[in-house]
Amino acid sequence: MGTRNTWLLTAKALALAATVTFAPGAWALYVGMYAIGDFVPGSSGGCGSDDRPSWPGMATAWWNEMGAKGHYQGPAANQYRYVDGNMTVRRFCDPQFDADCRDYQSSSPSGVDWMDAAIIATHGWDDGDHWGAVMRYPFEGECALRYGGSSTQSRWGDSYLMFAHASSCQSADDDNLNGIRFRMQDTASSSTRRMHQFDGFHGLMWISSSFNNDYKETAKDGHSGPISYAWVTNQFKNNSLDCAGYDPFNWFGTCSDQCPVAYSIGTSGPDAQWRLLNERYNLTFTDPGSVNYYWILYYEGCNPVGETTFNP
Amino acid sequence: MNALKHALPATAVGLFLAAAGSVHAVNFQSARELSAFMKERMPPFLQNDEQRKRLVGQMLRVPIARPLAQTFDPNKAIKELFGDGSVIPSTDCRRTGTPVGERDPGDCTASIGDENGRGAFSRLSYSKSLGFGNIKFVKRSPVPTQPPATTDLPSPKLTDAEAFDTALKFLGGVLGMPTGRKYGAPEDISEIPLPPAGGKLPVRNMNIQGGGDGRTNPITIQKVVFVKRGFPLASPIPVGNFQLTYVPGPGSAIVMFDSNGISGLAVEDWQDLRLDPTMSEEDTKSADALIEEIAEDLFNDGVRSAEDLKFNVLISSEQRNQIGLLLPAVQVSVVPARKNLDEKGQEGLAFQATGGLVKEYSLVNRKEGSNAGRPRPE
């Protein structure tokens, strides 16, 4: 797959040295974002769905803070911040599935598996036993990113991706969790490289410019503590959405939650748990040895719109 | 073989469903249609001009406690959280202004340990200008060099009621937040509404669990208390069989407990809220103007479908440097789907707009007047 530009990384590392000191064994991650706010109607050749103009701002808040922490956001001519444009599944699908797929691509537009850490923001749904996500335009007739379970379209981690955040509805539904792990590797490409963590949502999630800070804090807290904890703590919304007009504090139980889920893999239960509770953006571990086990971090009884109460 | 081409039929079905309209959502072809949908769902008290005006009048007269700038003592918080007199705030804490004369919205920090290392680390951060209303404490244990022998983890021992009580006492007694004297705050005014008898306590468990073939029972590793800022209405607003007695304001707090006690906290956006002397209930927007404004804005934002719309009045703010001018507002939620959708219903959301949308709209017409909070070069 893609070979990273070593001199570029070295130059960036030197430039960062004056302001950022990473732990021994840690390095600046390549960080990318893929967000759609302006969806294109099918009548205009797009994949449809309603616009959400504030969505890219939420993902950008995470991406900007990652940059502020010293991580690498791409060369000037190819900043790894992809908003709208020709957002197709080609950036996310694996060449083992289709030879035209480019999840590993380094040149613009860089694929998701070129990144070490990435965030994807778009409408999603429960596509049977896995997450489906709306793209902006079709690629070879396909309008959806499909990840996990019975879908073999997208397999990440065989190149570089370690941490994926899905700012997308139903990206980590309770009934689809078991199948996520099998797409956190592509053993046909690499027998040793794997993703470390996949973070998403059970049920529907919410969009607002007032939520930008949640994404910024996710990036920030993922340096002082575990990424899983940063995701779940900052993205959880306790009974504060979809409330009846008389019940803004949920005293009468009318409100809904937003339900983040953090997900790690490992060769054993203790291994997966250890990774989930300790790995940070500035303290990454070696790749997991297998996808045999997975562990999750979540809020008990989380009850979102669009799904039943979280029950893994 | 081009595998993607085999996906076409499914995609076509999805697009057909999208074009045909979702079974869960109503589609809008115009702002007028959205407006009509909105009128069916907006609570009557918001559509009644007289009631809305009275509500705005009440919101402009809510009791506001002393701001954190007057009640938060960083040294007290540091002593309580670190238990160590050697931890001191960073040296740039005194630089509270920017070169262009505005207040620096950044944080002042006090920490122990190396954030980038493997060892234990704790950090208290708080707004340099506390009018911005942010306080955060993070804490981590040393990172083990290899996986543990077992997955056993200790759980917090507090009940929900004990956690809620302890959290409020810490927020009021240590951080100086407006919990009322009952919880150790420096004054009686409380900006933290308590649930009525039988109401749900805002306390949740954070769990960790092994899944798949290695499935384990869930382990609660944190108990978390969620606090929302709120202000009482002098005269409750009847809403169907219920009454609206409090309205939310800008600011929230969470306090986390693990088996050793407080393991983290975050106070966010608890602004120094001020009344705008130039604003009165006479500035309240008419129902027609409000509905038209919201419908036009949502439609222009691209909202073309919704399963429901929800309306919650709240006190928002117009940020002016380190203070927030109180602004009566309504929060509108575009709800894309129902609760408790079954699997078939969820698959029916394919290619639909599933991301819920939250936006706020002022209930009053803003006019020229107050210059409160505006920076003035020396």
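User: Which residues point one way from β11(A), which point the other way, and are they buried or exposed?

Analyst: S256(A), Q258(A), P260(A), A262(A), S264(A) and G266(A) point one way from β11(A), while D257(A), C259(A), V261(A), Y263(A) and I265(A) point the other way, and all of them are buried. A residue counts as buried if 20 or more other C-beta atoms lie within 10 Å of its own, as exposed if there are 12 or fewer, and as partly exposed in between, the C-beta atoms being placed from the backbone. In a regular strand the side chains alternate between the two faces of the sheet. Please keep in mind that this is a predicted model, in which local features need pLDDT of at least 70 and side-chain atom pairs count only at pLDDT 80 or more, while totals for chains, interfaces and linings use all residues. Residues are numbered from 1 along each chain as its sequence is written, and chains are lettered from A and ligands numbered from 1 in the order in which they are written.

User: What makes strand β11 of chain A mostly covered?

Analyst: Strand β11 spans residues 256-266 of chain A, and eleven of its eleven residues are buried.

User: How many bridges pair β12(A) with strand β5 of chain B?

Analyst: Six bridges pair β12(A) with strand β5 (residues 203-211) of chain B, in the antiparallel sense, and I296(A) stands opposite Q209(B). Between the chains, 82 residues of chain A are in contact with 87 residues of chain B, where contact requires C-beta atoms, placed from the backbone, within 7 Å of each other. Helix α6 (residues 269-278) of chain A gives the largest share of the chain A side, eight residues.

User: Why is I207(A) called buried?

Analyst: I207(A) has 23 C-beta neighbours inside 10 Å, and therefore counts as buried. The residue sits in strand β9 (residues 206-207) of chain A. Leaving out residues up to four places away in sequence, I207(A) touches R52(A), S54(A), W55(A) and M58(A), and also G355(B), G356(B) and L357(B).

User: Is S49(A) buried or exposed, and how do you know that?

Analyst: S49(A) has 26 other C-beta atoms within 10 Å, so the residue is buried. It lies in the loop between β1 (31-35) and α2 (55-68) of chain A, and its phi is near 90°, a positive value in a residue other than glycine. N340(B) likewise has a positive phi, near 55°, but with 14 C-beta neighbours inside 10 Å N340(B) counts as partly exposed. Most residues other than glycine have a negative phi, and most peptide bonds are trans. The peptide bond from S108(A) to P109(A), by contrast, is cis, with omega near -5°.

User: Why are α2(B) and α8(B) called oblique to each other?

Analyst: Helix α2 (residues 31-41) and helix α8 (residues 287-300) of chain B pack at an angle of about 125°, with their axes 9 Å apart. Angles under 35 degrees count as roughly parallel, over 145 as roughly antiparallel, 65 to 115 as roughly perpendicular and the rest as oblique, and α2(B) and α8(B) are therefore oblique. The axes are lines fitted to C-alpha atoms over the stretch in contact, and angles run from 0 to 180 degrees between N-to-C directions.

User: Which residues of α2(B) meet α8(B)?

Analyst: A31(B), L34(B), S35(B), M38(B) and K39(B) do so, and their counterparts in α8(B) include I291(B), I294(B) and F299(B).

Definitions and conventions: Helix = DSSP H or I, 4+ residues; strand = E, 2+ residues; numbered from the N terminus. Contact = placed C-beta atoms within 7 Å. Pairing = 2+ DSSP bridges.
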